[in-house]
Every structure is written in structure tokens, then in C-alpha cells.
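Here's a quick tour of a protein and its ligand. Have the model open in your viewer as you read.

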Amino acid sequence: MGPPPPRRRRYGLRVDFVEAMKLGAGAQTAGFRHLHLDITGSTNVEALARGQEDRLWVTAREQSAGRGRRGRAWSSPAGNLYASVVLTDPAEPRRAADLCFVAALAASDAIIATAPRAATAMTLKWPNDILINGAKVVGILVEGAHAGDCFSAVIGWGVNIASHPDHTPYPAAHLAATDTALNVDIYFAALSDAFAKRLELWQRGAGFAEIRKAWLRRAAGLGRRIVVRLPSGDIEGIFEALDSEGALILLDDAGQRRPVSAGEIFFPGLVPSSIGL
Ligand SMILES: O=C(O)CCCC[C@@H]1SC[C@@H]2NC(=O)N[C@@H]21
């Protein structure tokens, strides 16, 4: 009789003990590595703790303390994707905000590759959400840490695949509602590949200019009236463009162009439709 199988620990379980999600072949070729956990508080926190390990993906089947933007919690049951990647010195720190757009484009590429029905109704909401018929399916949290001279960025994706939470402050949806064969393994392989390609384009290709152009082609509300919620109150106007720093350019009712680099946007009069989502 051989030795008993290793006992499963709930926390900090390494990839060899759980059914591992696989990196896409392109991501492996590009030198990315992968740590898959059964359950963790937050894959972003795990990744930030490994800030020196460039090109490391950290994924988890479940999170017990998933973090969203604006200090919100991110509901994280099994069946959805929780994935973070560490990039050590990816660019000058002043260009770190570009990563929001690189990340959103990669996640949208992965939807096109794996969820063709949802993809027909997909738009990107500034700065880094993905909507299907106006309802959120992907949220992205980019965080940074300095250690000595080194700057690490961690990008975390939460992707609603098998379910979406109720009672969110915004309408939410999930991808398998229309693309029923989709699961986290299929989506993660596509995301890791798409991210390797978009990162390469940003770092070694045409930089932010190309990313900006591609993002704008999929943007929600471009050329339309939007509301921007700022700490100082709401402002309204036309979503005219994205500048070279990723700020949203709002043409207000007084004809002033106002760059917005932080805030939340809303589309007045748009009711998310629900073709099964
Ligand atoms: O509020 C948002 O829209 C951003 C949500 C980001 C959630 C993901 S899930 C994987 C990673 N780990 C976290 O704790 N948060 C991000």
C-alpha cells in the first residue's frame, strides 16, 4: 500500500493539489507562471505579497475577502474567475494607469474568443469594466506596490462566468447565461493568452496609442451623453474621447472639454436589456 494522499488544506493550496486551471500556451511561451489556490482571501493580496515574482498569475477557485474598486467587496463564489497577475517594473510608474486599459482589452478579447453570443453585446465601460447589454460581467482592480527601487503592479480580474451577485449597486450578468459551455478553465486559458499579447503590444509595440485606439473601438457610450460621478458631485456632457493618459474627455454643456481621470460613469436613460443575461 502506498502512502496516503496529501491532505487538502483550505488555504494556500498549491497548484499540484487542486485541479489546476491551465495558462494558455501563448502565456507559457511568453514566460508566465501560475499559482492556483483552492481558496484565499484575495488573489490581489496574494499577488501583492509576491511582488518580486514578475509574470506570476495567481488564481483561486474561491475568495473569502474579494476586493472591488472604491473599497467595495467582490462576491467570489466558486464557478467564477478570480485571477491576478504580478508585473515587476512593467513600465515607468506614471504609465501604470495604462494597465487598466490593457487589462480590459485582454478580458474582452477573451470574451470574443470563448463566449461568442455574449460578445455580440459587449462594450467596455471606462475605465475598466466590461458590460454585456449594459450589465457588468468583468471588474478589474489594478494595485501597485513599491519595494526599494522596484515598482510592482498587480492586476486582478473578477469574471462572472457561472453566476452573478444580486443586489449590486449596478446591473450585473454572467457569461454562461448565453454561452452555456463556458467555464473558468476555458476562459482563463484565453485571458492569459490575450493578456500576454496585449502586454507585448503595449510594452514593445506602439505603446498606449495602439491600446487606446483598440479600447475606443469597443467603448460604451462614446459620442453619447453620460453622467460622471465625482466626489464633488455629478457632471454631465458628451463622452468625446480618451486622451493620451487614459483620461475621459467630457464635453460639458458650456462647451468646455473636461478631462476626467477618476470617477464613475453612468449612461442616462440606458436600461440594461436582458436577452437571457
Ligand atoms: O470593483 C471592481 O469592479 C473590481 C473587482 C476586481 C475583483 C478581482 S477578483 C480577483 C482580484 N482579487 C481581488 O480581491 N479583487 C480582484
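## Ground rules

A polar contact here is a pair of N or O atoms within 3.5 Å; within protein, one must be able to donate a hydrogen and the other to accept it, and residues adjacent in sequence count only if both atoms are side-chain atoms. This is a predicted model, where local features need pLDDT of at least 70, side-chain atom pairs count only at pLDDT 80 or more, and totals for chains, interfaces and linings use all residues. Residues are numbered from 1 along each chain as its sequence is written, and side-chain values use heavy atoms, with hydrogens and water left out.

## Who touches the ligand

Start with Thr43: an N or O atom in its side chain is 3.2 Å from a nitrogen atom of the ligand. The side chain of Ser42 has an N or O atom 2.7 Å from a ligand oxygen atom. With Arg69, a polar backbone atom is 2.7 Å from an oxygen atom of the ligand. On its own the ligand has 420 Å² of accessible area, and the protein covers 98% of that (Shrake-Rupley method, 1.4 Å probe).

## The shell around it

Which elements give two or more residues to the shell around the ligand? They are α2 (43-49), β3 (81-88), β6 (135-147) and β7 (150-159); helices (H or I, at least four residues) and strands (E, at least two) are DSSP runs, numbered from the N terminus. β6 gives the most, with four residues.

There are 20 residues around the ligand, and Ser42, Gln63, Arg67, Arg69 and Lys136 come nearest (a residue is near if one of its heavy atoms lies within 4 Å). Sorted by class, the shell has six nonpolar, ten polar and four charged residues. Ala, Val, Leu, Ile, Met, Phe, Trp, Tyr, Cys and Pro count as nonpolar, Asp, Glu, Lys and Arg as charged, and the others, Gly among them, as polar.

Most residues other than glycine have a negative phi, and most peptide bonds are trans. Trp126 and Pro127, though, are joined by a cis peptide bond, with omega about -5°. Look for Pro127 in the loop between β4 (122-125) and β5 (129-132).

Asp89 has a positive phi, near 45°. Asp89 lies in the loop between β3 and α3 (98-114).
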